[in-house]
Amino acid sequence: MTSIAVIGGGITGVTTAYALVRRGFSVTLFEKNRYAAMETSFANGGQLSASNAEVWNHPSTILKGLKWMLKSDAPLLVNPKPSWHKLSWFAEFITHLPHYERNTVETARLAVAARQHLFAWAQDEGIDFDLKKEGILHIYRDKAGFDHAGRVSQLLAQGGLPRRAVTPAEMKAIEPTLAGQYYGGYFTESDSTGDIHKFTNGLARAAERRGVRTLFGQDVQAVKSLNGRVQIVSQDDEGHHTHGFDGVVVCAGTASRQMAASLGDRVNIYPVKGYSITVNLRDELSQRSAPNVSLLDDATKLVTSRLGVDRFRVAGTAEFNGFNKDIRADRIQPLIDWVQQCFPGVSTQSVVPWAGLRPMMPNMLPRVGRGRAPGVFYNTGHGHLGWTLSAVTADLVGDVVAGTLRPTAGLALDGALAKA
């Protein structure tokens, strides 16, 4: 049986392992933590948001970054300390400004296609992940932001995603708990939310039931392509271990860049830190006052999701500060303040902060496909839409692997879903 290693036990690695085992491969999943989804896939904003497909390669993003560079609580924060990696990433980011519209349309197209995969897998495997199909409401406080959203909506429509403009009165009807004054909004009824950590762990268990070998607590130290085979050296508490496979899919998040370099590929991922808070809704008033409809506040770059009855997630911001995972109080406080302003009935007495590093490519599109060396593949660099895109990119890379390294004859290629 054709053997494939998947490196990374976050949402991208687990969906990839699942897609591959359904195609008849012998799959081994490597994850350095003791459990799946313990880093970037632990506590994100919870949105499955095709409506957030707009790429960041727009002149306004650069202007805002320069404006906010020295403001510690800014939605977009760039540490001015230079590094070659950061400079090269931003230089490449700028070269993709002319492709803003094309890449936004492509991202929307992928996000729409991803839904059928993810929902079908969750249904097939009986995964409970606090799914809410209540839509996502984008909110705007001024005409400039609202007008820009109208232009973005035209691009999203080209990618197959309809969304509609709504008045302040309609916004209140969609989400009655929302306080404040707004110019208008855009509502995407087909978007949804859920708990990424629950989903990833549920799918990991489903993958194991289907035959995936999961090696948790195994930190991959080296990956090599030798004589048409792939060699992986991992480390755990007992020492180093060497494994051989017919192929490997690198889904290692922000670590993918270094692994790719060792395999002769350039995958220019930068770790963009995002923050979240999980507000525990411990009393009846807080539960009534928290929204059921997911929100995206474009001015503050914050998103929300209601996770069951007693949890409310708020996440966002972007911090370019290298491989720094520190949870800074001055970055968390604006999220708490936002909850108090927009949902004053919600108690913020019990708040759990978190920070994670998004693996972001300069063109804002994931790297999916073959590497230079035989048997090497990538599914990484999903940026701020990791969960939203994960199911479709897993299916796409599964098709690429199946077309390159055929499973043993006679095994059904289950799950050959329609390409995006």
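User: Let's start with helix H5: how far does H5 reach from its first C-alpha to its last?

Analyst: Keep in mind that this is a predicted model. H5 runs over residues 143–158, which gives it 16 residues. At 1.5 Å a residue the expected reach is 22 Å, and the model comes close to that, at 23 Å.

User: Which residues of H5 are buried?

Analyst: Residues three or four places apart in an α-helix point the same way, because there are 3.6 residues a turn. The cover over the buried residues of H5 includes helix H4 (100–125) and strands S5 (136–140), S6 (164–166) and S7 (184–188). The buried ones are Phe-146, Ala-149, Gly-150, Val-152, Ser-153, Leu-155 and Leu-156.

User: And which residue has a side-chain oxygen reaching a backbone nitrogen at the start of H5?

Analyst: The other end first: just after H5, Gly-160 has a positive phi of about 95°. At the start, the backbone nitrogen belongs to Ala-144, and the oxygen within 3.4 Å of it comes from the side chain of Asp-142.

User: On to the rings. Is Trp-89 buried or exposed?

Analyst: Trp-89 pairs edge-to-face with Phe-90, at 5.3 Å centre to centre and 90° between the planes. Buried means under 20% relative accessible area. Trp-89 has a relative accessibility of 1%, so Trp-89 is buried.

User: How many residues apart in sequence are the parts tied together by Phe-90 and Phe-320?

Analyst: These two rings form a tilted pair, 4.9 Å centre to centre with 40° between the planes. Phe-90 is partly exposed at 24%, whereas Phe-320 is buried at 3%. Phe-90 sits in helix H3 (residues 84–95) and Phe-320 in strand S17 (residues 311–320), so the parts they tie together are apart in sequence by 230 residues.

User: Last one: which element gives the most residues to the largest nonpolar core?

Analyst: That core has 36 residues, and Phe-199 and Val-249 touch the most other members. Among the residues Val-249 touches are Thr-16 and Leu-20. Elements giving two or more residues include strand S1 (3–7), helix H7 (196–209) and helix H11 (386–404). The top contributor, with 7 residues, is H1.

Definitions and conventions: Residues numbered from 1 in each chain as written. Predicted model: local features only at pLDDT ≥ 70, side-chain atom pairs only at ≥ 80, totals over all residues. Heavy atoms only, no water. Helix = DSSP H or I, 4+ residues; strand = E, 2+ residues; numbered from the N terminus. Expected span 1.5 Å × (residues − 1). Buried < 20%, exposed > 50% of the residue type's maximum accessible area, 1.4 Å probe, protein only. Contact = heavy atoms within 4.5 Å. Polar contact = N/O pair within 3.5 Å; in protein donor to acceptor, adjacent residues only side chain to side chain. Phe/Tyr/Trp six-rings, centres within 6.5 Å; stacked < 30°, edge-to-face > 60°. Core = buried A, V, L, I, M, F, W, Y, C linked by side-chain atoms within 4.5 Å.
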